[in-house]
Amino acid sequence: MDAAVPAGDQTIWLDASSFLSSVCNELSVGELVHGENFRLFEAMSALEIMDPKMDAGMATTGFKTFEEAIESGAAPIELTIPQLVDVFDHILACEATWQNGHALAQTVFSCLYLLNVDRTAPNALLHAFCKTTRASCSMIRTAIALADIHEQEEDFITMAYGLPVEGEGDSRCLALLNTVEEVVARQLRGCKGGLSTKKKSLEDAEPLQDDPALEEGYCHAILCRLRFRKALYHILTYMDKPQGRGLEMARKHILVALSELQNIRSSSAFLSFGQAPDSVVESKERGSTASGRVAIGFDECVNRRLLAPTPPRSISILSWEDTLAYFEKLLQDLDRICSLPMTLGLEEILQFVMDYQKLKPDLFARARLQLLLLHDGKLLGRDPLAIALVKVFNVPQSVMANDHQTQAFTTQAARVTKQLLKIMCTNTAWQRRKLGRILQDWGNLLQQSKVTRDVSIEGSQLGDEVIQTENMLTAWVAEQTCWVVRQFLMLGFQLDLYSLSEFCMVYWYLDHVLLSALHYKLAKESQTTPAIDSPDSVKKKGKKKKGSAALKQPKTPKDGKFMYSVHLLQCYSDLCKGFIWMLTALTRDRKLLHRETIFNTEQERFFQRFDLLHKLMIPAPMSYFHYKDSTSQMHISVKELYQLSYDHFMAVQQHLQELGASAAKASELSAVSRTQLALEVKQMEQVSLRNRVALQIVHQVGPGDNLRVSFEFSQHPCFPVAVVKKS
Amino acid sequence: MAETERREADGSAKEADIGRVEEEDSKTSDGAGSGRIEYVSYKDETQLPDIMALIDQELSEPYSIFTYRYFITLWPDLCFMNNEQIGAVMLAFHEGKCIGTLVCKMGQHRNTFRGYIAMLVVVKQHRGKGIATELVTRCIQVMRDAGCDEVTLEAEVTNLGALALYGNLGFIRAKRLHRYYLNGFDAYRLKLLFPRPHDANRMLLGGGYSMDPYQMHDCSKLDHDHDQVLFTKATSFSIQVQNS
């Protein structure tokens, strides 16, 4: 130690052991010396060195260093072809595991060949594969780091901790890959040429292995893996081109990669042939190679000193089946990004991201999407967001040029919208938390849109145009805010945050949000009537409405554009109402039992759930008493409530037809959104139908019957199906 | 903001699988058959090895000695109970053997005074007797009486026993935390809000935004009304009763 850090002119090394032990003796049991800033976080982060549970370096099995592993012959450069295929396969499994959020050191770089790629040069096949793998991983890592939509540690670890993630000359990996591919392809042609040309082919190329009967199978197995590797590399390169310029080419390579993946999959039968039957069965479940054998040349222990200074995360490399499934899904998800029309407007883009997330894409796909949507901070890499927003606002040029408040508003709106787009690409659990946090920004934006009006009406000669602009902007913010709140509430179902006893209040609040969204959407589309009435006119309107019994039907915009979103909101709203009354009736009918809680009541839970929404002006905050008031309806019998719920589920059916028709016509939507809408129509049909059947059953039986009702999200992620059982 | 949340996340712990604990009524099972369970608060250092062994054995997350010390009464600013009866660590004994423990704390978190349950363990063979419920209930009572606004904790999404236990006590699943635990599982952040009778207005509508009457009726200003649907829709009866 003292040799490593030499004493300076003013310093010397002293043995402090006796001093420390005498100080320790002064402490009584349980006392601890600590700094003031040593709090829970530090206490939790502190590691006990040498405790294997916390100290990642304490795992004592396996090799201690890379050199030791190589010297013991753990990673021979001379590999038989079956061994080589195993190595290729296990590398793929490691890559998939890495992209699922595990440390590079424990996954891809557990491969001893990748730790020193230059070593592999004598084995051309291995060398080309390793170089391309390293280059691809580097591109993926860069993309994820740039997109910055991941939770560090939980989602993905961008730190390399000294691993050789970049190698010199990796850009030439494609040339190497092409060369070996050419050789193997020629060999395969030789095999196929049959007996007559066998002699000739043998002269042309060395056979890959000794058994001529297996030559063709192994050529196939190697070739599809090389081609998959190559296609993957191309996809990464083309998708990296700005403004979607490489997307078309990327799609072509995605097709190739998918078909090679199919070839890889079908090579499994050949590769696992001859393995002991029971070991094959076992390895099919756990093994990470097509053959089911354990690949040689992997050892994560050599990297243990390179791990992050945190307790080691438990890790198991994906199975071969899961690996193939991962890449298949990744390619399909990437293809959906590549199919995104570069002409989409902001609204359709938001719709696309929402629909895309419903397909549960993995991190890398979401990162790629984010990079495409916000390349250089511009929408689709072209327009700065403020410019894109001006198009959406449809503000007259004269106002935009002269009204500073409108300009300032647009700048703020661009900032918040950009944030929203980015958040929409994160994992859904994090997304919901982040949406909750930016709600206040949208609330502030709404206030800012109002400030604009107050100031500019007096000072500007543009008069009407400014007021109209004002209404436009307010309606836009209001609609967007409702959109965020809707996403916030609906994600809660997907993340399984709500318990059954909360369903009714959530649907009630969601319905309120949906109707607000509908109102502002129509206000914005019609672009004529002021979106926000003055308090006076509101009062009058409110009074008038109270007397009327008719449910006000929203006005419909003249052109067909956006009709699908209007219909979708109506369907959601109908479903919400169906559930509100169904749940209310079931509770009163004692077919749903909610336990009393000793420490608080439903009122506190209501407050907790909607606390963030209460800080917004739009959608108007709704209190617990309002909720209780509108759902208690004690003067209506249970049977009538069942009927009411049934009617709403019937109304869904009606609106679903309209939605189906308008969705088919919505040419402005992306293919992904159209497919998702069509799927959702089917899902909602099932929800509506099955719940009506359940309602019929509970409607028929008397109060004495022992029926219990539970809810399952078997059809739609946000709207369950009631399941009635005799108890 | 994010940083604070991370800190909070990092400073958290994991609930052991407490099995079917929610099914049992703690009062009846307390003295039934297998002997009495005795609940005591943390007294001194001699109990620490017991607690650490229990938690090490049942929970997957590793905790350093500092973490235990943090929660235990050694640091005055962190020790919430001067009250001798229940400390930051509670233990359940059965025939002189420590079979369950709860580690918790109280403190200021942003604008709230918040209780936090860090660890809860009941050994396998004593689960299903309501011991965990009893430990948690006692702990929450102390927190409430000490003036906490809320209680929070994290639990694994797959730990249905714990989720049911806390759900029955009034906790909501406020957030989901992606791959929170070292074993790769997600967690829920659970929260229990205490009633605040002295501040009724806040309960009605929430903190930041105060509503005036005009906004109260905002709903009717929009083209929708929650209540009126009822009176128009409930007039016709058309559920077709299926022939059985």
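Helices here are DSSP runs of H or I with at least four residues, strands are runs of E with at least two, and both are numbered from the N terminus. With that in hand, select A:Gln243, which sits in the loop between α9 (212–239) and α10 (247–271) of chain A.

Before you go on, note that this is a predicted model, where local features need pLDDT of at least 70, side-chain atom pairs count only at pLDDT 80 or more, and totals for chains, interfaces and linings use all residues. Residues are numbered from 1 along each chain as its sequence is written, chains are lettered from A and ligands numbered from 1 in the order in which they are written, and side-chain values use heavy atoms, with hydrogens and water left out.

Most residues other than glycine have a negative phi, and most peptide bonds are trans. A:Gln243 is not a glycine, yet its phi is positive, at about 55°. Is A:Gln243 buried, partly exposed or exposed? A:Gln243 counts as partly exposed because its relative accessibility is 30%; buried means under 20% relative accessible area, exposed over 50%, and partly exposed in between (1.4 Å probe, protein chains only).

Next, pick A:Lys360, in the loop between α13 and α14 (363–373) of chain A. Here too phi is positive in a residue other than glycine, near 50°. A:Lys360 counts as exposed, with 65% relative accessibility.

Now move to A:Pro619, in the loop between α23 (602–610) and α24 (624–632) of chain A. A cis peptide bond links A:Ile618 to A:Pro619, with omega at about -5°.

**Stop two: a surface patch**

Select A:Phe19, A:Leu20 and A:Val23 together and show their surface. These residues make a nonpolar surface patch of about 290 Å². Patches are made of residues with over 30% relative accessible area and no salt bridge, with like charges joined within 9 Å and nonpolar side chains (Val, Leu, Ile, Met, Phe, Trp, Tyr) within 5 Å. The areas come from the Shrake-Rupley method with a 1.4 Å probe, and for residues only the protein chains shown count as cover. A:Val23 belongs to helix α1 (residues 17–26) of chain A, and its 35% relative accessibility makes it partly exposed.

**Stop three: a buried glutamine**

Jump to A:Gln431 in helix α18 (residues 428–459) of chain A. This residue is buried, with a relative accessible area of 0%. Which residues does A:Gln431 contact, leaving aside its neighbours within four places in sequence? They are A:Gln357, A:Ile423, A:Met424, A:Thr426, A:Gln487 and A:Leu491, where contact means heavy atoms within 4.5 Å.

**Stop four: the largest cavity**

Rolling a probe the size of a water molecule over the atoms shows where empty space is left. On a 1 Å grid over the protein atoms alone, a cavity is a set of points where a 1.4 Å probe fits but cannot get out, and lining residues have an atom within 4 Å of a point. Grid points are joined across faces, edges and corners, and a volume is the space filled by probe spheres set on the points.

There are six cavities of 30 Å³ or more by this rule, and the largest has a volume of about 190 Å³. To find its centre, select A:Glu347, A:Glu479, A:Trp483, A:Arg486 and A:Lys521, the closest to it of the 14 lining residues. Two or more lining residues come from each of α13 (346–358), α19 (464–494), α20 (500–526) and α22 (563–588) of chain A. The most come from α19(A), with five residues.

**Stop five: salt bridges**

Side chains of opposite charge can pair when their charged atoms come close. A salt bridge is a side-chain nitrogen of Lys or Arg within 4 Å of a carboxyl oxygen of Asp or Glu, and 32 are counted over all chains.

- In chain A, show A:Asp589 and A:Lys591, a salt bridge with its closest N and O atoms 2.8 Å apart. A:Asp589 is buried at 13% relative accessibility, and A:Lys591 is buried at 1%.
- In chain B, show B:Glu150 and B:Arg114, whose closest N and O atoms are 2.9 Å apart in a salt bridge. B:Glu150 lies in strand β5 (residues 150–156) and B:Arg114 in strand β4 (residues 112–122) of chain B, so the pair ties together parts 36 residues apart in sequence.
- Finish with B:Glu134 and B:Arg138, which meet in a salt bridge (2.8 Å, N to O). About one helical turn separates B:Glu134 and B:Arg138, because they are four residues apart in helix α5 (residues 131–145) of chain B.

Note on methods:
1 Å grid on protein atoms, 1.4 Å probe; cavity = no way out; pocket = protein on both sides within 12 Å on 5 of 7 lines; lining within 4 Å.
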